[in-house]
Amino acid sequence: MTVEPGGATTAAPASQPSQPTQLTQQAADPSSELIQLLTPEGERIDHPDYPVDLTAADIRDLYRDLVLVRRIDTEAIALQRQGELGIWASLLGQEAAQIGSGRALSPQDMVFPTYREHGVAWCRGIDPVKLLELYRGVSHGGWAPEEHKFHLYTIVIGAQTLHATGYAMGIQRDGAVGLDDEGREGGGGGGEAVIVYFGDGATSQGDVNESFVWASVFNAPVVFFCQNNQWAISEPLEKQSRIPLYQRARGFGFPGLRVDGNDVLACYAVTKKALAAAREGQGPTLIEAFTYRMGAHTTTDDPTRYRLAAELEMWKLKDPIERVRVYLARTGQADPDFFAAIDEEAKKVGAGVREACRTMPDPPPLAIFDNVYTQPNAILQAERDQYAAYLDTFEAGEGAPR
Amino acid sequence: MTTLTLSKALNEGLRKALEDDPKVLIMGEDVGKLGGVFRVTDGLQKDFGEARLIDTPLAESGIIGTAIGLALRGYRPVCEIQFDGFVFPAVDQIVSQLAKMRYRSLGKLSLPVVIRIPCGGGIGAVEHHSESPEAVFAHTAGLRVVACADAADAFTMIRQAIRSDDPVIFFEPKRRYWDKGEVDTAADLASALPMDRARVVLEGTDVTLLTYGPLVRTSLEAALAAREDGPGNGRSIEVVDLRSLSPLDTETIFASVRRTGRCVVAHEAPVYAGLGAEIAARVTEACFYHLEAPVLRVGGFATPYPPSRLEEHYLPDLDRILDAVDRTFGY
Amino acid sequence: MTELKQFRLPDVGEGLTEAEIVTWHVKPGDLVEDGQVIVDIEAAKGVVELPSPWDGVVTRLLAEEGQTVDVGAPIIAIQVGAAAGEPAASGSAQADNAERAVVTPPAPADQSASGEPPQRQAVLVGYGVKASATTRRARKVTAGRTETAEVPTLQDTPAEPGTGTARALAKPPVRKLAKDLGISLAELTGSGPDGSITRDDVHRAASDTTARSAEIVNGNGAAAATSPAAPSRGGETRIPVRGVRKHMAAAMVASAFTAPHVTEFLQVDVTETMAALRRVRDLPEFSGLRVSPLLFVARALVVAAGRHPLINSSWDEAAQEIVVKGYVNLGIAVASDRGLLVPNVKDAGRLSLPELARGLQDLAETARSGKATPADLSGGTITITNVGVFGVDGGTPILTPGEAAILAFGQVRDVPWVVDGQLAVRAACTLSLSFDHRVVDGELGSAVLRDVGAMLSDPVRMLAWS
């Protein structure tokens, strides 16, 4: 038997070898609340702590973000199937967690992602082609972090939580904490905060726990945004923790809360509040966005080997995009023309992604030697010269290893 | 000129660095209030404050990881790892993140982080306090690795390391912390020997002895002992302090070996897969026609560091170094 | 412009090598869009949708539902860039016929013939393992020599002038050779890269100064040996070991203590040879030429070497090979003002008897008068030494370095001999053949010695074996 938030239960088929997700403490623990502002059916709920100050236009914009981000993700999966990408880490199902939190950021906040935050990258204005570069094997990260206030993808699980915490300690030393919008030193609006993304599996890593220690002890302005998508490749949540993840923060001495990760409005509101608290000098918050990894861990993973089809079906009913569409349509905040226009735009975005990916050139061979150090290094320079001479000994057109 | 111990020279160098650049921070376990277990950061927190002299939680990976974050924010953190054997929890942050960030970002990001590590044996310690892990870091592209050997170099190199925009692993020979040396504290850093260069600390004609860190002093003592006429006849040993382990100053090394025709490398780290192997391979390839004998290496055994009662057998001393010199003349 | 393309079954990332076509979602004639799902395939644990990679019109389905297809095999043909209804792209029978002429046959499974990259088995974190090349890439060839990259900074450069003691450059084995031969590297000019001294440089220096006392004369000549002054009565005289003697000594040592020497002896009845010698001397072809037993011994040895090529070889220690020479450069030990020299007659196997006589005579003259060239003195493959001039019968000669055999012959003198069961007086001569036992075993050495003896006891055999 599994117990889902909201109390629905599903039976586990006897033939399946793997364990379904369990949240046994969920129902019993009154503090294990799931903050939700928009139900899967598209109904609005009010929460006393999280007023929603979004207009109809804002919500239509969120809908557009969700649809386009999903489209990019789907295109990338197809491109991998055609051999144009080595792998792709799909965010399917997690769009609301990323768009909601991403749109809650102020321009001056800094983001430290993992390697799946394509939705947050979208919010930070990063061209999707730059994400494809990494998965195509053309670069390890093609955008300028400070330009977009979005750090490069970090593949080592959890390592970025320490970087985010250190960055936040730097913000403190710059005096950019505890300012109101007008009073920021040196101009610009408001204090700065950091948000760092990581998954449920990452919470087991030493570095993540060390970052909780540091952030709490130094009261650093960092929001820890955990997308609990229930699975770390093939390992379910209960392999990572006996208690709901958001409750971990209590052990370190800072607030933790759980939000419906498929509810873009709730994710937006909760993140906005946590960022404001950080900016104002109240220190870190742990947000657990309760969501589901609808796709595979990466395109080479086969989830059918370790999870139940029934579970997937159940989460389909909680689709993050569908509930927004239903809400907008039912309340008259969007008409059929609007949805058609978004679909049309999605098609164009998709075509653009395909074209950009297929025409992406490989870097020249000698680029291997660039950007290792800031100062010249004689040993490396010698290797570069040697390799260039070596390549030159081959007949034209035979310059690359086969 | 002032006479300073090596640890005091480091202290003075760190002080100057903190004065020169408000972005410089020092962070590590016990570095602030206590001034460091070897007193290298003594008195600095009082003068520069807690925001810049940070007593960190007991978490080496955390120290380096947050230093990376601070560096991304524009600061120049100088981390202290309390003892060589405790750097290992931080190796992931050093190797996977610190070393690779510039390359990963195609040059857009640089991490001017210095990691100070007291290293080496000879202090009669329990386990994990006498290691020489420099080969791990020399083998990691993206890091600069240096080792100071005396007070003068300590004073200069720590400031050069802090000014470098590349991440630097800075090895300090802990058993030499109390060795005194003459330091020109007023000398201009711009005229100092660059951090990536080796130095011929004693000229000689018969054999080139390459070494670094704690064994520089031992090598000088060996060279002086070898000059005396004795049963083996006097030998003129040229001692070269490598100073920079990555990159190696091959120009100075090769010039010396081509003059003498013989080469011995001495380090505390185990000989097996140690830095001496890299040096020997390069010297052999580049100086092949000049060599009268193969390059010989003196170093620790292929064992974990022994209990302190046995460490004198493990560490290369004057006799072991001169034995290697004798052996090069046997070809 | 439209183009007919085939979409091949991709590896969708589970390491599959084949898949079953489950359901086609398109049929010939359908317009398809880039990204549109065209077929469901059954992978290892479930159904995977495949999107079309192109915009165009389906011309033909190349696999049927229920059919298992290999990864890499074409499954559908699409007229890329066509719009529905274009005649060239219609799904009618005409299109089928037209297409049959156009469609290329399916590529072999490994794809390499079609020029596509080798299929890779994708892994969780990337494209997967790529098959590596099993042949070398073609390198440029300049001036008949395949290029290899120069190693710019690790290349050893000689010390710049004026930077203190210029060291002799030589690689370790050459240093050892020089040490063993007693050659000082500092006195040599190197012919190797960057002025380094080579093995040949050292050998040349050693053989230039090889010295041994001997003299070639005709059969009855007396030896003229140089000997040191007698020590003063009751005392000792010290003769410095220098120059020629030093290098000769070193060469002797190198030869004697490197090659395991075995010497075999054969006393031969050379009566017939001496008779033949007299008749040959009178032939007009030999007027003006010295005809001595040496000529016949030389010819016999050359013939024997032709019959047993391995005797005419050398042991290459460095390469661990025996180098069998296809030519006989016959060395003759000669006494000269400089000491013992061993010049050689080149390609003696191809010379006629008069030519061989001429060669031997010229060699002796130029060598004795000190005019032997380095070319004369190098390249020898086998040696003869006449110890008869010293009035002895035989000895245990030491090999010339680099050779595998040396034949000494002693004085010719009358001795009692058994002929047809009766005692007779015959002219006899002892042959002493030393050989390098690494190269030549007892059987071979004996065979060569026997052959030489046979030819000298009956010179007609020389004719039969030439």
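A:Asp65 counts as buried, because its relative accessibility is 2%. This holds for a predicted model, and the values below are computed from that model.

A:Arg103 sits in helix α3 (residues 95–104) of chain A and A:Asp65 in helix α2 (residues 56–81) of chain A, so the bridge ties together parts 38 residues apart in sequence. A:Arg103 has a relative accessibility of 35% and therefore counts as partly exposed, while A:Asp65, at 2%, is buried.

Another bridge in chain A joins the side chains of A:Asp109 and A:Arg279, with an N to O distance of 2.6 Å. A:Asp109 belongs to the loop between α3 and β3 (110–112) of chain A, and A:Arg279 to helix α10 (residues 264–279) of chain A, so this pair ties together parts that are 170 residues apart in sequence. Both A:Asp109 and A:Arg279 are buried.

In chain B, the side chains of B:Arg199 and B:Asp153 form a salt bridge at 3.1 Å, N to O. This pair links distant parts of the chain, with B:Arg199 in strand β9 (residues 199–202) of chain B and B:Asp153 in helix α7 (residues 151–163) of chain B, 46 residues apart. B:Arg199 is partly exposed because its relative accessibility is 29%. B:Asp153 has a relative accessible area of 3% and is buried.

Side chains of opposite charge can pair when their charged atoms come close. Over all chains, the structure holds 54 salt bridges. Some of them form a network that links A:Arg71, A:Glu75, A:Arg354, A:Arg358 and C:Asp34.

The individual pairs described in this report are listed here.

| Salt bridge | N to O distance |
|---|---|
| A:Asp109 and A:Arg279 | 2.6 Å |
| B:Arg199 and B:Asp153 | 3.1 Å |
| A:Asp174 and B:Lys23 | 3.6 Å |

**The interface of chains A and B**

How many residues does each chain bring to the contact between chain A and chain B? Chain A contributes 43 residues and chain B contributes 48 residues. The area buried between the two chains is about 3,500 Å², and carbon and sulfur atoms give 60% of that area. On the chain A side, A:Arg173, A:Trp214 and A:Tyr373 supply 19% of the area that chain A buries against chain B, more than any other three residues.

There are 3 salt bridges between chain A and chain B. One of these joins the side chains of A:Asp174 and B:Lys23, at 3.6 Å from N to O.

Which helices of chain A each supply at least two residues of the side that touches chain B? They are α6 (145–148), α7 (159–173), α8 (206–217) and α14 (378–391). Of these, α7(A) gives the most to that side, with 10 residues. By class, the side of chain A that touches chain B has 20 nonpolar, 14 polar and 9 charged residues.

**Chain C**

Chain C has 10 helices and 23 strands. Of its 466 residues, 41% count as buried. Among contacts in chain C with a separation of 6 or more, 62% come from residues 24 or more positions apart.

Helix α6 (residues 293–307) of chain C has 15 residues and should span 21 Å at 1.5 Å a residue, which agrees with its end C-alpha atoms being 21 Å apart. Because 13 of the 15 residues of α6(C) are buried, this helix is largely enclosed by the rest of the structure.

**Backbone details**

C:Gln320 is placed in the loop between β14 (313–316) and β15 (321–324) of chain C, and with 53% relative accessibility it counts as exposed. C:Asp347 is placed in the loop between β19 (344–345) and α7 (353–368) of chain C, and its relative accessible area of 25% makes it partly exposed.

In chain B, the peptide bond from B:Ser246 to B:Pro247 is cis, with omega near 0°. B:Pro247 is in the loop between β12 (244–246) and α9 (250–260) of chain B.

Definitions and conventions: Residues are numbered from 1 along each chain as its sequence is written. Chains are lettered from A and ligands numbered from 1 in the order in which they are written. This is a predicted model: local features need pLDDT of at least 70, side-chain atom pairs count only at pLDDT 80 or more; totals for chains, interfaces and linings use all residues. Side-chain values use heavy atoms; hydrogens and water are left out. Contact means heavy atoms within 4.5 Å. Buried area is the accessible area (1.4 Å probe) that two parts lose on being put together, summed over both. A salt bridge is a side-chain nitrogen of Lys or Arg within 4 Å of a carboxyl oxygen of Asp or Glu. Helices (H or I, at least four residues) and strands (E, at least two) are DSSP runs, numbered from the N terminus. Ala, Val, Leu, Ile, Met, Phe, Trp, Tyr, Cys and Pro count as nonpolar, Asp, Glu, Lys and Arg as charged, and the others, Gly among them, as polar. The expected span of a helix is 1.5 Å times one less than its number of residues. Buried means under 20% relative accessible area, exposed over 50%, partly exposed in between (1.4 Å probe, protein chains only).
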